[in-house]
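Student: I would like to learn how to read salt bridges in a model. Can we work through one together?

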Amino acid sequence: MAARGAFDEIWGHGGPASPRAEFASLARWIAETPADELQRRQQSAEVTFRQLGITFAVYGDSDAAERIIPFDIVPRVFLHDEWARLSEGLVQRVQAINAFLEDIYGDARILKEGVIPNELVLLNEQFRPEVNRVRPPHGVWAHICGIDLVRTGPDEFYVLEDNARTPSGVSYMLENREAMIRLCPELFRDFRVEPVDSYPDMLLQTMRSVAPHMGKSTPVCVVLTPGHFNSAYYEHSFLADSMGVELVEPADLVVDDDVVFMQTIAGRVRVDVIYRRIDDDYLDPLAFRPDSMLGVPGLIAAYRAGNVAILNAPGNGIADDKAIYSYMPEIVRFYSGGEAKLPNVETWRCREPQALKYVLDNLADLVVKLVDGSGGYGMLVGPTATSAQIEEFRAALIAEPHRYIAQPTLALSTVPTMTEKGLAPRHVDFRPFVLTGSDGVRVVPGGLTRVALREGSLVVNSSQGGGTKDSFVLSPEAGA
Amino acid sequence: MRIAIEHRTQYRFSQAQDRIVQMLRLTPTDTQDQTVVSWRIGVDCDARLREAIDGFGNAVTMLYAEGPIAALELSVIGEVLTSENAGVICGAAEPLPPLFYLRSTPRTQASVTLAEFAADVAAGEALDGLHRLNAALHGRFPDAPDLPDRGCAAAQAFAAKTVTSRDVAQIFIAGARHLGAPARYVSGYRTDGEAHSAPHAWAEAYVEALGWIGFDPATGLSPDESYVRVAVGLDATGAAPIAGTRVGHGREQLDVDLHVDRLGGEE
Amino acid sequence: MLMLSRTAAALYWLGRYLERADFIARLVEATVRLDALSARPAGEAAWQSALAVSYTDKAFAATGHPVTLAHVARFLALDASHPGSIVSCLDRARNNARAVRTALTREAWTAINRAWLMFHNRSSTGGPTETLNLLEAVKGETRGFEGAIHRMMRNEATLLIQLGAAVERADNTARLLDVKYHILLPEGERVGGAVDRDQWTTILQTVSAVTAYRWLYSDGLKPRNVIDLLISRFELPRSLAACVEEVVTLLSALAKRTGLQGEADRMARARMARMQKTKTTDVIVSGLHQYLEAFIAENAMLDAAVARQFRFI
């Protein structure tokens, strides 16, 4: 998959000389700012990120225990109308995800009516019997969703993946914007860009809105991190800091009498709302992993008793599981009564013999993914794979077809990106963040654009050498 | 049958503990053939107990105790009225569909030999097959006493010489699931006039048209009115009578004193 | 909002470790000077004493390297294999800072992170000039951190960092003085001779007290005066008296903000009352070493009392 032929979001199909009409002035900014000046600003941003310690750890890479994610200076821009259509689709999708979780851990109507194969849910590790029949405070499950989107044309957006557990990346959205305002102030003078810096306030509002006991004094909210060796620790501390709430580790919390407390220098303080950035497995050893010493013993009991809100709710993994993903159009239809405004990428479920046969016959053209994999691991990109890699996946598919899905290799859109040889189109994806509280669903006007820095590459994961860009959403009256 | 249960668990710690949090699955619930007349969980130190129903429909009790705790005794005293129903379970809370219990766990994964054994003895019609599997396991492991959980997996126990009632129950579950029958682990009590150092354990399997049916591979029979069902789970870990964490150093020593007696008189 | 116990502990230790890193930097810097001034084997004695002050003499002996500027400076600055080096202290300071990022300003955090980046993955200190430059840079960052702390809100976070630093500083000064007691002058050198004077000057340089000394004492460099300055002069920020007083002040400020007052306050106040009555002559007569040993032990007990009072564990 070369960038050639792909839709470039600024340059369109015609290259730098003939940008899309709406983006003429942005294309001019790109053309008129000398490359070495852009290069210099980009390096300056990266120095700042390193000094701030906006780093992430790469698994199995001890030399680079702390790396920064490369930052690209050329922003990705959404027109106001594009964004409005996208938002509608996102709200619809997240509402469906919440309705699905409420149903699955409640009456399970969708199973009784046979809309999705029952075994796909019931035998799925992500369906957590430990929280079966628990309704979270105010009935909100997926408070913070990151919906991964790809684009193939001016109006063609597809959902690649839902993230309803602990989606990360929002700190990059905010830090990238800070860097852009500092380094390219002229862009904000020339374009009316919707601000994203209200995100922490929106998140805090969302957290407070789901506090179990309304009416008493301001609920005590905390961010729960596995600790400062976690790869996303910067983000955890950043969010706690910008919301003005405590950043706690499991050892800081105790549960007594089905109530959660944090241990402070003056004794215990009751906690009402926990934004956890820890996987279900390590939340509570009594409920999930009796062999584990990690977590907060009794947390799930406190949650079951309705004494604490946990964001996102334990058990959400069943909603963003790749095996369930392919049924999202049916799920949206089941709960909303209408068609999904944001389509899925066409997906072959290898558990179905027909689909498996098609996938095996067309491996060289498809992207094959592990149903339970993440971070770009356990993935085959047919068009760029060696024949040895293809054969390896063929064997794996035949052995355990139910663990895989396959999708066509999409001609992902590109955005001009700084490379060693100057500006060139590079493939991007997009993760907008959607917040759901007891007071409604909110989409932040922005998100995380990830860019595959290698020419022709479609893999944007930071662990695989991807970078990030700021994502502008333009105000109604503005053009670019 | 009227059954009296007295189940004492004593922990002694080499160093005093700062905090103890335990999840107890020690309380039976009512079914059509099991009525809890009285039931009480007691703790010999300053502790808080909270009751709830978990996702499997079990009655669970959370125990929170603040240190320093050098020793802790949990006592369970109660009385249950039971009747006979050929091993068929009726009227239990069933918050999860039977299909869920086809899910395998690390402790109930069938090995090749276990799977072959199950397929060999249980060929044919589902209910008969499960009864044959139950009897065959009893034949293979005639002595499966009620001992504390060693954390053993079914496949590992199947290859071992000595097993406990917990192990054979898990072997039965692994075999039944391999045969396509949803199966679950049951922890509870049984009156057999003997002293035990741990509660009893057996299995239940789901048979279309009949529902959940008990199988006790430790006896080769189905549970009768001498059994009291307490908790179900996917395996021994999931239905463990006591799951606990403690904050503090040192080792712990565990003593169990368990009496299950049949009371005089008819029902 | 009440501070988490773990946060309190991390802030306190952040203060201790950064202070220790700064102290070792000063110690190495002063020793480089002393080494340059003196002829062998006086230089070797200087490095030996630097190792003794930082409690790393045994660890260094285990490396088998000769006691020279290049080896000892590298060992004290860059060797992460033992806890007494600048890089180890910065590592721990940074880990603690990371664990409490939300309690620090960006400015304070970046100062620590920059100091850490400077030392991380560096294998050699280079020659004397490069060594001094590197040490100067670390001191610059720790000063930057102190400045950032002063610009932070005067809340329990800053007070705890400063408390850790004050407790650590008291320990460092006591150790520095105690080592002079141990060091024997090289053969042929006499008390009050050139080498002896250089050693006392080195101590003054390590605690940035050369100018203060000139202001306060008019009768030239005398060991008795140096001891007096480092033990009982409240005017010198690194003297035991000043550290002891600072600990009392910080604990009362913390008590005012958190309502937590107790054992640590009582110990610290009793220590200050005793300190105010201490006469340098008495200390010297009854034994400087015994006095310093007792001081170091009491300081460790105070550290433990702080941990209990603020529920570090």
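Student: Are C:Arg6 and A:Glu249 buried or exposed?

Tutor: This is a predicted model: local features need pLDDT of at least 70, side-chain atom pairs count only at pLDDT 80 or more, and totals for chains, interfaces and linings use all residues. Residues are numbered from 1 along each chain as its sequence is written, chains are lettered from A and ligands numbered from 1 in the order written, and side-chain values use heavy atoms, without hydrogens or water. C:Arg6 is buried, and A:Glu249 is too. Buried means under 20% relative accessible area, exposed over 50%, partly exposed in between (1.4 Å probe, protein chains only).

Student: What joins C:Arg6 and A:Glu249?

Tutor: Side chains of opposite charge can pair when their charged atoms come close. A salt bridge puts a side-chain nitrogen of Lys or Arg within 4 Å of a carboxyl oxygen of Asp or Glu. C:Arg6 and A:Glu249 form one, at 3.2 Å, N to O. C:Arg6 sits in helix α1 of chain C and A:Glu249 in a loop of chain A, so the pair joins two chains. Helices (H or I, at least four residues) are DSSP runs, numbered from the N terminus.

Student: Which residue forms a salt bridge with C:Asp303?

Tutor: C:Arg16, with the closest N and O atoms 2.8 Å apart. C:Asp303 is in helix α15 and C:Arg16 in helix α1, 287 residues apart. Both are buried.

Student: How many salt bridges are found over all chains?

Tutor: The search finds 71. Among them, B:Glu252 meets B:Arg246 at 3.1 Å, N to O. B:Glu252 is partly exposed at 41%, and B:Arg246 is partly exposed at 24%.
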